[in-house]
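Thanks for coming, everyone. I'll take you through one model in a few minutes. Please have the sequence and the structure open as I talk.

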Amino acid sequence: MVEPLPICHLNGSLLPLREARSSPLDRSFLFGDGVYEVVPARRGQARRLPTNLARLARSLHELRIRNPHGAEQWTQIVEQLIAANGGGDVYVYLQVSRGAQYGRDQAPLPDIEPTVFGFCAPLLPLAPEVLERGISCITAPDTRWARCDIKSVALLANVLLRQLAVDAGAAEAILLRDGVLTEGSASSVYVVIDGELRAPRHSAQLLAGTTRGLIEELADQHGIPRRVAVVTEAQLRAADEVWLTAATRGAVAVTTIDGNAVANGRPGPLWRRMHALFEAFWNA
């Protein structure tokens with residue numbers, strides 16, 4: 001785990017992260033009643049922030065939590081957090097809970113002031129051995145709830161699935177539901193079949209990844225064929241390449257699944273091309 005940077009945002013104020021406090025009656029603590037976003041920034045610039053804020057607004061809307069800020073205010077919060085922590089390559093974690101009420105009632109949903117929290121942590125580049133060898137993953141049944149399209153803080157199923165990967169010495173759990181690929185426990189998943197990049201269709205069963213969105217934009221700009229389609233477990237296991245994408249990872253080549261090599265067990269040529277395009281975007 002990378003340690004967070006020292007300054008956080010809590011309900012309109014910047015303060016030392018170690019001094020931040022919230023109510024034990026906050027509904028995110030009692031019910032997991034809140035949403036979050038992870039915003040990558042390179043050289044202090046959060047270039048994809050509008051897409052993150054759009055997803056944050058959608059998650060809040062789906063949970064019927066009042067959005068406490070407009071896009072301009074959110075942008076100021078993110079920029080202030082990055083600057084207060086020295087800029088550079090970081091990610092910003094934002095969390096909005098429904099707020100703290102005096103008591104514990106599941107419903108009706110209270111009209112209270114949302115709790116807004118944010119902090120930064122270093123955004124590390126992929127390690128040389130990951131660039132050279134890729135990562136190993138396991139597969140697991142997708143045991144999460146029915147609204148994975150909402151970026152909710154209620155992540156217990158994801159935590160347990162990720163622990164399965166850790167227990168197996170793997171980097172991630174790739175999830176399958178009824179023999180079909182959904183996503184990773186904390187990532188989107190791509191497969192490459194016959195030179196074509198494929199990903200599952202957006203649905204309530206998976207999150208619309210903002211890094212996935214950037215990968216798709218880059219593919220379209222540079223003539224890389226792609227499509228969204230059902231990806232079966234058999235196609236996943238027989239794919240020429242498998243990638244994970246996430247805000248804190250970018251695009252990573254998966255070279256082993258359940259102990260079996262993906263193709264020749266090395267990062268593939270299409271991933272190498274996309275990794276170069278991805279880095280060029282962020283360094284432009």
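**Starting from helix H6**

Let's begin with what helix H6 hides. Its buried residues are Thr210, Thr211, Arg212, Leu214, Ile215, Glu216, Leu218 and Ala219. Keep in mind that this is a predicted model.

Here is some background for that list. An α-helix has 3.6 residues a turn, so positions three or four places apart point the same way.

How far does H6 reach from its first C-alpha to its last? The answer is 17 Å, over 12 residues. That is close to the 16 Å expected at 1.5 Å a residue. Just past the end of H6 sits glycine 223, with a positive phi of about 70 degrees.

Now the strands. Look at strand E10, residues 196–199.

E10 has partners. Strand E9, residues 188–193, runs antiparallel to E10, and 3 bridges join them. In that pairing, isoleucine 193 stands opposite glutamate 196. E9 and E10 make a hairpin, with 2 residues between them. Aspartate 194 lies in the turn, and its positive phi is about 55 degrees.

Next, strand E11, residues 226–228. E11 runs parallel to E10, again with 3 bridges. Alanine 199 has valine 228 in E11 as its bridge partner. How does the chain get from E10 to E11? It crosses through helix H6, residues 210–221. This β-α-β crossover is right-handed. That brings us back to the helix we started with.

On to backbone details. Most residues other than glycine have a negative phi, and most peptide bonds are trans. Here are some exceptions.

Take asparagine 11. Its phi is positive, about 50 degrees, and it is not a glycine. You will find asparagine 11 in the loop between strand E1 (7–10) and strand E2 (13–16). Its relative accessible area is 47%, so asparagine 11 is partly exposed.

Then aspartate 178. Its phi is also positive, near 55 degrees. This residue belongs to the loop between strand E7 (172–177) and strand E8 (180–184). Is aspartate 178 buried or exposed? It is exposed, because its relative accessible area is 78%, and the cut-off for exposed is over 50%.

Now the peptide bond from alanine 107 to proline 108. It is cis, with omega near 5 degrees. Proline 108 is in the loop between strand E4 (90–97) and strand E5 (115–122).

Another proline next, proline 267. Its loop runs between strand E14 (260–261) and helix H8 (269–283). Proline 267 counts as buried because its relative accessibility is 8%, and buried means under 20%.

Last stop, the surface. Leu156, Val159 and Leu160 make a nonpolar patch of about 310 Å². Leucine 160 sits in helix H5, residues 156–167. Its relative accessibility is 53%, so leucine 160 counts as exposed.

E10 pairs antiparallel with E9 and parallel with E11. Thanks, and over to you for questions.

Conventions
Residues numbered from 1 in each chain as written. Predicted model: local features only at pLDDT ≥ 70, side-chain atom pairs only at ≥ 80, totals over all residues. Heavy atoms only, no water. Buried < 20%, exposed > 50% of the residue type's maximum accessible area, 1.4 Å probe, protein only. Helix = DSSP H or I, 4+ residues; strand = E, 2+ residues; numbered from the N terminus. Pairing = 2+ DSSP bridges. Right-handed = clockwise from strand over helix to strand, strands pointing away. Patch = residues over 30% accessible without salt bridge, like charges linked within 9 Å, V, L, I, M, F, W, Y side chains within 5 Å. Areas by Shrake-Rupley, 256 points an atom, 1.4 Å probe, with all protein chains shown as cover. Salt bridge = Lys/Arg side-chain N within 4 Å of Asp/Glu carboxyl O. Expected span 1.5 Å × (residues − 1).
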